[in-house]
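I'd like to walk you through one structure, from the inside out, so please have a look at it with me.

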Amino acid sequence: MRRSIEDLRIFYGEPAGALARRLLARRLDDAWGEATNCDVLGLGYATPWLDAFVGARRVVAAMPGGQGVELWPSVGKNRTLLVEDRRLPFAAGAFDRILLVHALEEADDARALMAEAVRALSPAGRIILVAAARGGLWARAEATPFGHGRPFTRGQLERLVREAGLEPTAWSQTLYVPPWGPLLPLADGFEQIGKRVMPGAAGVILLEATRQAYARIRPGGAVATVPVLTPALQPQPATRSPRQNPAGGDLAGMRERP
């Protein structure tokens with residue numbers, strides 16, 4: 001059974017939720033920037049991050065039954081709707097970017113949900129899965145939404161997207177700080193140290209996938225195929241920033257940053 005919309009809203013209004021929102025926003029900004037000229041779908045409970053996509057043509061928040069739905073944004077026309085995991089009410093190829101947050105862990109059938117998400121993804125589209133990490137402390141904290149449902153390893157997310165017909169192109173982790181109030185102000189320090197010293201302690205995994213691996217331009221001008229999932233994503237040279245490259249290309253995914 002999914003966490004209710006009330007529980008999710010309360011969590012993201014608390015210090016731990018505000019921290020999770022900020023750290024995940026960093027990774028998403030690295031990957032997609034403002035999603036300029038893109039149609040964006042947030043699936044699950046993605047509204048805490050959708051406001052950042054100010055360059056998008058259209059942004060829609062789809063919330064699964066069993067969770068409930070909230071009005072979003074707070075000002076202007078509502079852009080949320082209640083959906084069924086196995087039957088999303090969108091045309092094939094309707095979205096250039098799809099973000100899944102609090103969607104997979106409590107899905108009755110994660111494969112069916114992924115199949116529907118991929119159906120709604122445009123041919124050159126990009127999708128990011130955000131899921132609780134199996135080895136992290138946040139997956140054991142029932143006071144947070146990450147402590148409910150099924151957590152994932154990176155390998156499990158890779159298999160999930162490949163079974164849905166996509167290819168993983170980038171990954172990242174965050175939330176290294178333990179979900180304990182007195183330690184939350186030290187989160188930025190944990191982020192810098194954790195990815196080098198204890199990568200298995202991250203609370204959340206982000207995996208980006210597309211229908212194909214893009215080519216990246218090296219500084220010398222040679223073209224190199226993007227490797228599928230390096231152990232840690234480092235800043236890569238690119239001819240354009242993510243904000244200027246809504247269709248994908250040189251920068252294929254997320255970069256680690258403090």
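Before I point at anything, one term: by a nonpolar core I mean a set of buried Ala, Val, Leu, Ile, Met, Phe, Trp, Tyr and Cys residues joined through side-chain atoms within 4.5 Å. And please keep in mind that this is a predicted model.

So, which residues touch the most other members of the largest nonpolar core? They are Leu50, Leu99 and Phe146, in a core of 39 residues. Two or more residues come from each of helices H1 (5-11), H2 (15-32) and H3 (47-50), and from each of strands S2 (58-64), S4 (95-101), S5 (121-132) and S7 (204-210). H2 is the top contributor, giving eight residues.

Let's zoom in on Leu50. Beyond its neighbours within four places in sequence, Leu50 is in contact with Val40, Gly42, Val59, Val60, Ala61, Trp72 and Leu99. There is also a second, separate core, with 35 residues, and Leu88, Leu157, Leu166 and Ala209 are among them. As a general point, nonpolar side chains in soluble globular proteins tend to be buried together.

Now to S7. Seven of its seven residues are buried. In a regular strand, side chains alternate between the two faces of the sheet. On one side of S7 we have Val204, Leu206, Glu208 and Thr210, on the other Ile205, Leu207 and Ala209, and all of these are buried. What about the partners of S7? S5 runs antiparallel to S7, joined to it by seven bridges, and Leu129 stands opposite Leu207. Strand S6, residues 167-174, is also antiparallel to S7 and also joined by seven bridges; here Ser172 sits opposite Leu206.

Next, helix H5, residues 154-163. Its buried residues are Gln156, Leu157, Glu158, Leu160 and Val161. The cover over them includes helix H4 (110-119), S5, S6 and S7. Just after H5, Gly165 takes a positive phi of about 95°.

Last stop, the largest pocket. How much space lies in it? About 160 Å³. Its lining is made up of Arg9, Tyr12, Gly13, Arg21, Tyr45, Thr47, Pro48, Asp51, Glu70, Leu71 and Trp72. By type, that lining divides into five nonpolar, two polar and four charged residues.

Key:
Residues numbered from 1 in each chain as written. Predicted model: local features only at pLDDT ≥ 70, side-chain atom pairs only at ≥ 80, totals over all residues. Heavy atoms only, no water. Buried < 20%, exposed > 50% of the residue type's maximum accessible area, 1.4 Å probe, protein only. Helix = DSSP H or I, 4+ residues; strand = E, 2+ residues; numbered from the N terminus. Contact = heavy atoms within 4.5 Å. 1 Å grid on protein atoms, 1.4 Å probe; cavity = no way out; pocket = protein on both sides within 12 Å on 5 of 7 lines; lining within 4 Å. Points joined across faces, edges and corners; volume = space filled by probe spheres on them. Nonpolar A, V, L, I, M, F, W, Y, C, P; charged D, E, K, R; others polar. Pairing = 2+ DSSP bridges.
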